[in-house]
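Subject: Structure handover

Hello,

Here is the structure you asked for. Please open it first, then read my notes below with it on screen.

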Amino acid sequence: MTELISVRDHLDRVLDTIRPLGIYEQTLLDACGLPTAEDVVAPMPLPAFDNSAMDGYAVNQLDVVDASPDHPIHLPVVGELGAGQSRILALSPGTAVKIMTGAPVPSGATAVVPYEWTDRGVAQVQISKAPKPGQHIRRAGEDIEKGDVLISAGSVLGPRHVGLLAAVGRATISARPKPRVVIMSTGTELRDPGTPLGHDSIYDSNSYMLAAAVRAVGGIPYRVGPVPDERKVFTEALRDQLVRADLVVTSGGVSEGDYDVVKESLKSVGHVWFGGVAMQPGKPQGFGLIGDERTPIFTLPGNPVSSYVSFQVFVLPAIRKLMGCRVLERPTHTARLTHGLSSPEGKTQFVRASYDSRTATPVGGNGSHLIGDLADSNALIVVPPEQTSLAPGSSVEVMLLDEEF
Ligand SMILES: Nc1nc2c(c(=O)[nH]1)N[C@H]1C(S)=C(S)[C@@H](COP(=O)(O)OP(=O)(O)OC[C@H]3O[C@@H](n4cnc5c(N)ncnc54)[C@H](O)[C@@H]3O)O[C@H]1N2
Ligand code: MOO
């Protein structure tokens, strides 16, 4: 029997081989969800200028310091400023200027009196409450100062970062593109959902599941319909797909079966390692580089749970490396096991589980075909190779499958 390679060694080999994609300028919306490839420095302060936080009157605060309901103060209104208007640059003492939220505060104005504290007068305003010095003025640079580092290279851009970048006038940002991942299921028994099923065929669930998983981690999936176990058809389909692939993921055809064409076919296309990884599920694996562009390819086992677990353990870190993420592997968290479990010696076992409030409950059996149980799980308990049994209440490490990181 050939020796199994450890999960760590296989993953290290994968990550040593994968190179991040090239960097280019992208529009903010295209870059959302991607790590930035630059430190973003504020080119301007925010707010850019002192402006009003309220609709009301800009005043010199000293002119109205004694205002009260019993002793209101009256000031002439000498003008009006809406947002986007700066035609009044200075306020003379003893006067007021009507000002709207966001409008630039004229020099000499040291507070804004909201409409609610006034009679809303047009030519003259009656003020019955005194603002504190500076009240309702949003100061230039109080949020962001010019030169502040807004986002450091490697941080993943989310909607709030996109908002900040737009606020300081950035239209584009340098980032690596979303990796394009071609997903190919192999198996003569496979049919596309929505088409009739023979008594000996099954629906292709892997390509949909893997494509959805690619999308969930920020890649662009290109799902190829099921490819039969015929060497020529598989090789041609793969060649056709290579033009649009930063990464290829196949499922099926990598174990010992008489019709396992993936292994056989890839020998002529590039350099792909095939072998066993000491894990369950997901033992039969393949990884290498194919075609003129030396495109990385994963050949995942066909059993649906094996395929999915292999994606989480190997493909996801590879996609994140292509994207230029800082953290590549899905983090694990410590949880308390609600039920005991046993595990094969010498293999890392990934046990489907339901995780809630730091407790993990194994879900269903070990069979790699049990996709119903997989769908009921939101975590994988990672049992190391040397651990063969775990008692209820044990502390375990779990990957949370829907966690963003
Ligand atoms: N003699 C041996 N047989 C098997 C071994 C072994 O070591 N020696 N390993 C087993 C393990 S472990 C796994 S995992 C599977 C992997 O097999 P393949 O990658 O060659 O996959 P297939 O044989 O093509 O399919 C396995 C199973 O999964 C179903 N399948 C395949 N593709 C899909 C899909 N896209 N959607 C849904 N289901 C799919 C397929 O119908 C089979 O039932 O090999 C074991 N055998
Ligand atoms: O390794 Mo297979 O992936 O157990 O079912």
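The chain has 8 helices and 27 strands. Both are DSSP runs numbered from the N terminus: helices are H or I with at least four residues, and strands are E with at least two.

This is a predicted model, so local features need pLDDT of at least 70, side-chain atom pairs count only at pLDDT 80 or more, and totals for chains, interfaces and linings use all residues. Residues are numbered from 1 along each chain as its sequence is written, while chains are lettered from A and ligands numbered from 1 in the order in which they are written.

**Confidence**

The mean pLDDT of the chain is 95. That score is the predictor's confidence in each residue, from 0 to 100. A value of 70 or more is reached by 99% of the residues. The model has an ipTM of 0.97 and a pTM of 0.87.

**Overall shape**

The chain's radius of gyration is 31 Å, whereas a compact globule of 405 residues would have one near 22 Å. The radius is taken over C-alpha atoms, and the globule rule is 2.2 Å times the number of residues to the power 0.38. Along the principal axes, the C-alpha atoms fill a box of roughly 95 × 50 × 40 Å.

Of the 405 residues, 40% are buried. A residue is buried if 20 or more other C-beta atoms lie within 10 Å of its own, exposed if 12 or fewer, and partly exposed in between; the C-beta atoms are placed from the backbone.

Now take contacts, meaning pairs of residues whose C-beta atoms, placed from the backbone, lie within 7 Å. Among those between residues at least 6 apart in sequence, 69% join residues at least 24 apart.

**The cores**

A nonpolar core is a set of buried Ala, Val, Leu, Ile, Met, Phe, Trp, Tyr and Cys residues joined through C-beta atoms within 7 Å. The largest one here has 75 residues. V249, I319, A353, A360, L380, I381 and V398 have the most contacts inside it. Helix α7 gives the most to this core, with 12 residues. A second, separate core has 24 residues, including L75, L91, W117 and I127.

Look at L380 in the largest core. Beyond its neighbours within four places in sequence, L380 has contacts that include V309, Q312, F350 and V398.

**The ligands**

Which residues come nearest to ligand 1? They are N206, G252, S255, P301 and G302, out of 26 around it. Here, a residue is near a molecule if its C-beta atom, placed from the backbone, lies within 6 Å of it. Helices α4 (206-216) and α7 (304-323) each supply at least two residues of this shell. By class, the shell has 7 nonpolar, 14 polar and 5 charged residues. For these classes, Ala, Val, Leu, Ile, Met, Phe, Trp, Tyr, Cys and Pro are nonpolar, Asp, Glu, Lys and Arg are charged, and the others, Gly among them, are polar.

Around ligand 2 are Q280, P281, G282, K283, P301, N303, S306 and S368. That shell has 2 nonpolar, 5 polar and 1 charged residues.

**Helix α4 and what follows**

The buried residues of α4 are N206, S207, M209, L210, A211, A213 and V214. Their cover includes β12 (180-186), β15 (220-227), β16 (247-251) and α7. After α4 comes G218, with a positive phi near 100°. G219 lies in the loop between α4 and β15. Is G219 buried or exposed? G219 is buried, because 26 other C-beta atoms lie within 10 Å. Not counting residues up to four places away in sequence, G219 touches K178, P179, V181, V214 and I319.

Most residues other than glycine have a negative phi, and most peptide bonds are trans. Check these exceptions:

- L46 and P47 are joined by a cis peptide bond, with omega about -15°. P47 is in the loop between β2 (40-41) and β3 (51-52).
- Q280 and P281 are also joined by a cis peptide bond, with omega about -5°. P281 sits in the loop between β18 (279-280) and β19 (284-290).
- R120 is not a glycine, yet its phi is positive, about 60°. R120 is exposed, with 12 other C-beta atoms within 10 Å.
- R358 is not a glycine either, and its phi is positive, about 60°. R358 is exposed, with 11 other C-beta atoms within 10 Å.

Best wishes

Methods
Contact = placed C-beta atoms within 7 Å.
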